[in-house]
Amino acid sequence: MNGSTALPPWLPTAPCTPGRCAAHPETGRDDPAERAGAVLAAARLTAGIGAVLVGVLLAPAAGLLPAAARLALVRSWVRAVVRAFGVRVRYEGAADAVTGPLLVVANHVSWLDIPLVAAVLPGRMVAKTEVRRWPVLGTLAALGGTLFIDRDRLRALPATVRAMSGVLADGGRVVVFPEGSTWCGRARGRFRPAAFQAALDSGSAVLPVRIDYRPTGAAAYVGDDPLGASLWRVVTARRMVASIRILDPISSVQYPDRRALAAAAERAVARPTVARPTVPEPTVLRPTAPQPTVAKDSANLSSLSVHQRVSSRPTAASSFRTPA
């Protein structure tokens, strides 16, 4: 959490604060009907923390297992942690069909994003150095091979990108949240291009992932939000559902530089996937009389396209930041 500490000017910020984002998304106020009872919330919190501690205790033994067995164990464990906190998950897309080195990029709403992505697309996470100092979770992040970034040292960024490139070049997978900061979920930030250089340097594909929560406010982890307060909002949500949509991979060969590649991934994540209604083609009555011939050069006519952007006013300053 950033508190009142002045932030370096190059760090991305989101105009999102807990007081606004954690409210009911439609009314702007807490809705008692959407809250679980105190007993259920306490049971979820106890179960979630217990599941995390089990992971800490089993981590040394898991490190001795073969890679495939260790990977399966980690995926089962993170799913159990999320479920213990009362979050139900819907995965869309064929994660197992995507093979080879991948730079996985996703929008960033909550600390829940990390275990949710790890459950289906485990890889080397990229996180700020402050995460290493978090109780319990920092230890797990370090044991999981997280690549930590010092956000206050801009000169350290190229070294981090080289480390990411090395993982990808060895056939591994790197997971990053390129918005550089958590957003409220009803608004999104621009994808920062720095991490995409690793995909270009290693010739790896980029796999966009879209994360959504219902209710959005309870999951949002923004601004000066303490982790404990965020945990309590999650467990007191009557029914929280997280949707993880795995999109089509993007070849880094198609884009000339990291900015273009970042923009392509951002468009893929932001694009709403709404089923298009089937509209019957109108019946055209053709005249029977001979018509004059008009020469047309249809090959030189540009096709028209309509792009719709759904924008919402961001409501709040984010604290869960990763570098540009």
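**Exercise 1. Locate Ser-243 in the fold, decide whether this residue is buried or exposed, and list what it touches.**

Step 1: Ser-243 sits in strand β7 (residues 240-246). Helices (H or I, at least four residues) and strands (E, at least two) are DSSP runs, numbered from the N terminus.

Step 2: Please keep in mind that this is a predicted model, in which local features need pLDDT of at least 70 and side-chain atom pairs count only at pLDDT 80 or more, while totals for chains, interfaces and linings use all residues. Residues are numbered from 1 along each chain as its sequence is written, and side-chain values use heavy atoms, with hydrogens and water left out.

Step 3: Ser-243 has a relative accessible area of 19%, so this residue is buried. The scale runs as follows: buried is under 20% relative accessible area, exposed is over 50%, and partly exposed lies in between (1.4 Å probe, protein chains only).

Step 4: Contact means heavy atoms within 4.5 Å. Not counting residues up to four places away in sequence, Ser-243 touches Arg-90, Arg-210, Ile-211 and Asp-212.

**Exercise 2. Work out how Asp-212 is placed and which side chain it pairs with.**

Step 1: Asp-212 belongs to strand β6 (residues 205-214). With a relative accessible area of 16%, Asp-212 is buried.

Step 2: Arg-210 forms a salt bridge with Asp-212, and their closest N and O atoms are 2.9 Å apart. The term asks for a side-chain nitrogen of Lys or Arg within 4 Å of a carboxyl oxygen of Asp or Glu. Arg-210 is buried too, at a relative accessible area of 12%.

Step 3: Beyond residues up to four places away in sequence, Asp-212 touches Arg-188, Val-241, Ala-242, Ser-243 and Arg-245.

**Exercise 3. How many salt bridges does the structure hold, and which parts of the chain does the Glu-92 pair link?**

Step 1: There are 2 salt bridges in the structure.

Step 2: The side chains of Glu-92 and Arg-245 meet in one of them, at 3.1 Å, N to O. This pair links distant parts of the chain: Glu-92 lies in strand β1 (residues 87-92) and Arg-245 in strand β7, 153 residues apart.

Step 3: Glu-92 is partly exposed, since its relative accessible area is 33%.

**Exercise 4. Find the peptide bond that joins Arg-214 and Pro-215, and state its geometry.**

Step 1: Pro-215 is in the loop between β6 and α8 (216-219).

Step 2: The bond joining Arg-214 and Pro-215 is cis, with omega about -5°. For context, most peptide bonds are trans.
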